[in-house]
Amino acid sequence: MAMPLPPPVPLQGDSVSEEPEDREGATVEETFELFSAMAPKGWRVELIEGEIYVVPPADGEHEEIVTEVVEQGIARRADKELRNFTGVGLSLPGAGDAARVIPDLVIAPKGSFADQQEWHAPDPVLLVAEVTSTSTAGRGRVQKIRAHARAGIPACLMIDREAGEAVVCSEPEGDDYTHKSIHKLGTEVPLPAPLGFTLDTAEF
C-alpha cells in the first residue's frame, strides 16, 4: 500500500553509513534520497508536493494494461521516431520542492534519455500514462496530474481502473490541464497530437 512517509527513524545494521544523529534535520530531498537507496527491488519511491511515497510492485492486471498501451502505441502512432519508456524517473517542478515521479509509461522522441542520469527533465516528454491501483488512485487523480501539468507535459493519460474510465488530459496551464476528456473503459480513446492515434480500451 502506498503511503506518505515520515522522516526516517534510526536504522540498524550497516546499510547506511551515517550515524543516526547525522540525519536529524534532514531535508525532504535528503530523506527521499535515503528511502530511494533503501527501497526493495521493484518498489518505487516518489516525491510529490513534499510527501514521500513508497509504492510496492504492481499487480498483473496493471502490467497487462501498461503493456497493451505500449503495444498499441508502437502499432498505431504516426511518428515512428517516438519511443515508449517505462521506469524512467522524471524531475518535475513542484509547489515548493521539486517532484520526483516514475510514471507507468512515458512517450518521447528516441534518444531523449540517452544518458546515465537517474532523474530527467520533462522537456522532451509528449505524454505520460498512469494506471491506477487501489492504494494510489487518489494521488494519481490529483497530485500527479498537477505535477505533470506544472511541468508542461503536453498530455497525460490516466487509466482509472477503480472508476472504469480513461481520462485524457491536454493543454497544460499552471497547476492543471485545461482540457480533459473522460471515456468509459471498453471504448476507443482518441489521443491528442502529436500522438494522434486512437487507443482501444476494449483490450483492458
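**Note on salt bridges in a predicted model**

1. Start with Arg161, which counts as buried at 16% relative accessibility. Here buried means under 20% relative accessible area, exposed means over 50%, and partly exposed lies in between (1.4 Å probe, protein chains only). The model is predicted: local features need pLDDT of at least 70, side-chain atom pairs count only at pLDDT 80 or more, and totals for chains, interfaces and linings use all residues. Residues are numbered from 1 along each chain as its sequence is written, and side-chain values use heavy atoms, leaving out hydrogens and water.

2. Which residue does Arg161 form a salt bridge with? The partner is Glu61, with the closest N and O atoms 2.8 Å apart. A salt bridge here is a side-chain nitrogen of Lys or Arg within 4 Å of a carboxyl oxygen of Asp or Glu. The pair links distant parts of the chain, 100 residues apart. Arg161 sits in the loop between strand 9 (155-160) and strand 10 (165-173), and Glu61 in helix 2 (residues 60-76). Glu61 is partly exposed, at 47% relative accessible area.

3. Arg100 and Glu29 also meet through their side chains, in a salt bridge of 3.0 Å, N to O. This pair, too, links distant parts of the chain: Arg100 is in strand 5 (residues 99-101), Glu29 is in helix 1 (residues 28-38), and 71 residues separate them. Arg100 counts as buried, at 12% relative accessibility. Glu29 is partly exposed, at 25%.

4. Next, Lys180 and Asp176. Their side chains form a salt bridge, 3.0 Å from N to O. Lys180 is partly exposed, at 41% relative accessibility. Asp176 is partly exposed as well, at 32%. Elsewhere, salt bridges that share partners join Glu49, Arg146, Arg150 and Asp175 into one network.

5. How many salt bridges does the structure hold? The count is 11. As a general point, side chains of opposite charge can pair when their charged atoms come close.

6. Now the overall fold. The protein has 3 helices and 13 strands. These are DSSP runs numbered from the N terminus: helices are H or I, at least four residues, and strands are E, at least two. Of the contacts with a separation of 6 or more, 51% are between residues 24 or more positions apart. A contact means heavy atoms within 4.5 Å.

7. Last, burial and surface. Of the 204 residues, 43% are buried. The protein exposes about 10,300 Å², and carbon and sulfur atoms supply 50% of that area. Accessible areas come from the Shrake-Rupley method with a 1.4 Å probe; for residues, only the protein chains shown count as cover.
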